[in-house]
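Please walk through the charged pairs and one of the helices of the model shown here.

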Amino acid sequence: MTMLMTMRRIPVYLHASDPISYAGVAGQLRPRPEVQLLPPEEADQAAVALVVTDSVGDETLRVLRGLRCRGSLQLVVVAAELADSDLSSVVEIGVAGLVRRQEATADRLVSVLTSAADGEGTVPPDLLGRLLSQVGRLQQQILGPRGLTFSG
């Protein structure tokens, strides 16, 4: 009981590409004491924005960029499909967490939201490997030939 009283609640703005996804994720998160779901009019008070979508297409990227412009909130994406090309796009925007929809249990979402609120990144291991490969190719094919590195 004491632990619950001292537990911080992470203010979260939830955006979903469709009402059924919104209702499902909100239904998973509302009962959780670690999370405080904010109404849309209070989105500017969120520490983390959770974006739920089928795929990371132009519309999702537009939403993420708009949220990024709101300030220092962390971004987490739940998507049914995550292609390699999506990785670089969401990294450029500054997404802190990626979750596949089929892995988006309430416990997993709370874990990723907590990590994001703490400034930590969360990416499924196989996607992290692919992202690191993309970074390596960028260094070898683009930066290296121009005498550039990521650090300068």
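Does Arg 32 count as buried or exposed? Arg 32 has a relative accessibility of 18%, and because the cut-off for buried is under 20%, Arg 32 counts as buried. The model is a predicted one, so this value, like the others below, is read from predicted coordinates.

Arg 32 takes part in salt bridges. One partner is Glu 34: the two side chains meet at 3.1 Å, N to O, and Glu 34 is buried, as is Arg 32. Another partner is Asp 107, with an N to O distance of 2.6 Å between its side chain and that of Arg 32. This second pair links distant parts of the chain, since Arg 32 sits in the loop between α2 (19–29) and β2 (35–38) while Asp 107 belongs to helix α5, 75 residues apart. Asp 107 is exposed, with a relative accessible area of 53%. Through shared partners, the salt bridges join Arg 32, Glu 34 and Asp 107 into one network.

The structure holds 6 salt bridges. Among them is the one between Asp 118 and Arg 8, whose side chains meet at 2.5 Å, N to O. Asp 118 lies in the loop between α5 (106–117) and α6 (125–143), and Arg 8 in the loop between α1 (2–6) and β1 (10–16), so this pair ties together parts that are 110 residues apart in sequence. Asp 118 is partly exposed, at 45% relative accessibility. Arg 8 is also partly exposed, with a relative accessible area of 42%.

Helix α5 also holds Arg 108. At 27% relative accessibility, Arg 108 counts as partly exposed. Apart from neighbours within four places in sequence, Arg 108 is in contact with Val 99, Glu 103 and Thr 122.

Now turn to helix α4. Which residues of α4 (residues 84–93) are buried? They are Asp 86, Leu 87, Val 90 and Ile 93. These residues cover an arc of only 135° around the axis, and therefore lie on the same side of α4. Ser 85 and Glu 92, on the other side of α4, are exposed. After α4 comes Gly 94, which has a positive phi, near 100°.

Notes
Residues numbered from 1 in each chain as written. Predicted model: local features only at pLDDT ≥ 70, side-chain atom pairs only at ≥ 80, totals over all residues. Heavy atoms only, no water. Salt bridge = Lys/Arg side-chain N within 4 Å of Asp/Glu carboxyl O. Helix = DSSP H or I, 4+ residues; strand = E, 2+ residues; numbered from the N terminus. Buried < 20%, exposed > 50% of the residue type's maximum accessible area, 1.4 Å probe, protein only. Contact = heavy atoms within 4.5 Å. Arc of directions from axis to C-beta.
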